[in-house]
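This briefing covers selected features of a structure, grouped by topic. The sequence and structure come first.

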Amino acid sequence: MIVMIPLVAHVLMSLIMLALPNMVRREILFGVVVGADFRLSPEGRRAIREFRLAILVPAVAGAMAIVLLGSRFIPLFLLAPGIMMLAGFTTFVLQNRKLRAFAVQPQPLRELELSASSERLPWFVWLGLVPLLLLVTAALYLHAHWDSIPSRYPVHWGLDGNPNRWADRSFRGVYAPLFFGAELIIWFFGFALAIWYGSRRSEPLRRPMVGYVVAAEWTLALTLAGVALGPVVHLPFAVVAVGGVPIIVVSIIYLIKKSNDPRTPVDPPPNECWKGGMIYYNPNDAALFVARRDGIGLTSNMGNPWSWVMLASLPVLIGIGYLVLP
Amino acid sequence: MAGPRIRIDLNSPVPATRQIADGLRVELVEGRLKPGSHLPSVRRVAMELGVHFNTVAEAYRMLAAEGWLDLRHGRGATVVERTQPANASRNEVADYRQRLRELISQMRARGVPPAKIAAELRALAEGLNS
């Protein structure tokens, strides 16, 4: 039973990687803008076949290794999906290089209506602040039931589902998960605003992407509130681990649907600015976010220094959180 | 009716600054951008057109120097009533004539018949007078 959750996670990740070529618009294959029918050509079919084979081999081998050896060698739970992902991304870059010979230069015309009208934030952005209230409510509940908190209780579980970190009934021990959640939610809220104001108004993925970030905030808040309340409310591990997941799954499905919608022009950012079909680097583009070519949603323009600031601030916040956590 | 628009071609050999300034000048000369109108911020124009902030700021400065725009910090760009400049010098007229000749040659090389070019020029000139 110990291998069940890692096995399911590995299989799910493998299936997502196998489906990667189908998660983008038909005009884009392995990060290269090609004709809409290119996928049906012998070169297109071969590229997809080679990519899937490169994933399938480590995916099946990894699943077998988890089942047969996972209980004796726990790091396999991370190694197997890690190797599969590495194989997938390496093959993606190789296919990107091969397909550049068939690239179609994106539409170079850009148009702007000269209106100085301001634009309102969509209403659902404000839902991104509700998870903070959820954490504050959890903190108030813990404060009110302080005497019911055991003197020592688990706060972190390993890949095998067994607790591997404990906290004692102290201010830090009880409130740290909520503080960690609050700092991440504030970061995500800022990230949602950056997506809204840092992408083109004509970008159709702007709204679904902001919705996805708000959903991620809710999932995070529910998980960390579950961890913090665990000692008092005695929630089952499975509820804490996956309770908030349906919210983010719904937002991802919507994002995939929107990412596949046909668009005109096909993909304005020039081909030369895409490194390996995955990284957008264009110091001459003021946009902070553009539509991905390697999957769903938006990606940062790494030619903009603010992208680096934004991305570097997340590990710093997580690091601070780990210092605070018991 | 759609509002004033500008369009740029990222593959064009003409620099983006010049394309933006030229596009705006057309809207100003033809009266679709009237005195008192506010232009979008440099940040927004740069973002939507996929160019650097400095590219747009430079185009706005060029038009401000020509007397079309008032640029005040924090207030963006506003179209102003422009005093008619003194008649262009002989050299400037010669320069415009040369540019027109180059453009017309380019059109003819692309197969546009002379009568069609003349009609286009007449329509544009009449549009300016109306």
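In chain B, H1(B) is followed by Gly31(B), which has a positive phi near 80°. The model is predicted: local features need pLDDT of at least 70 and side-chain atom pairs count only at pLDDT 80 or more, while totals for chains, interfaces and linings use all residues, and side-chain values use heavy atoms, with hydrogens and water left out. Residues are numbered from 1 along each chain as its sequence is written, and chains are lettered from A and ligands numbered from 1 in the order in which they are written.

**Helix H1 of chain B**
- Helices (H or I, at least four residues) and strands (E, at least two) are DSSP runs, numbered from the N terminus.
- Helix H1 (residues 16–29) of chain B has 14 residues, and its first and last C-alpha atoms are 20 Å apart, close to the 20 Å expected at 1.5 Å a residue; the expected span is 1.5 Å times one less than the number of residues.
- Buried residues of H1(B) include Ile20(B), Leu24(B) and Leu28(B), where buried means under 20% relative accessible area, exposed over 50%, and partly exposed in between (1.4 Å probe, protein chains only).
- Among the elements covering them are strand E1 (5–9), helix H2 (42–49) and H3 of chain B, with contact meaning heavy atoms within 4.5 Å.

**Sheet of chain B**
- An open sheet of 3 strands has the order E2-E4-E3 (chain B), with antiparallel pairing.
- Strand E2 (38–39) and strand E3 (69–72) of chain B are at the edges with a single partner strand each, so one side of each has no neighbour in the sheet.
- E2(B) and strand E4 (residues 76–79) of chain B are joined by 2 bridges; strands pair if DSSP finds at least two bridges between them.
- Thr78(B) in E4(B) is the bridge partner of His38(B).
- H3(B) lies across E2, E3 and E4 of chain B and runs at about 120° to E3(B) (axes are lines fitted to C-alpha atoms, for helices over the stretch in contact; angles run from 0 to 180 degrees between N-to-C directions).

**Confidence in chain B**
- The mean pLDDT (the predictor's confidence in each residue, from 0 to 100) of chain B is 88, and 96% of its residues reach 70 or more.

**Chain A**
- Phe30(A) is not a glycine, yet has a positive phi of about 50°.
- Phe30(A) lies in the loop between E1 and strand E2 (32–33) of chain A, and counts as buried because its relative accessibility is 3%.
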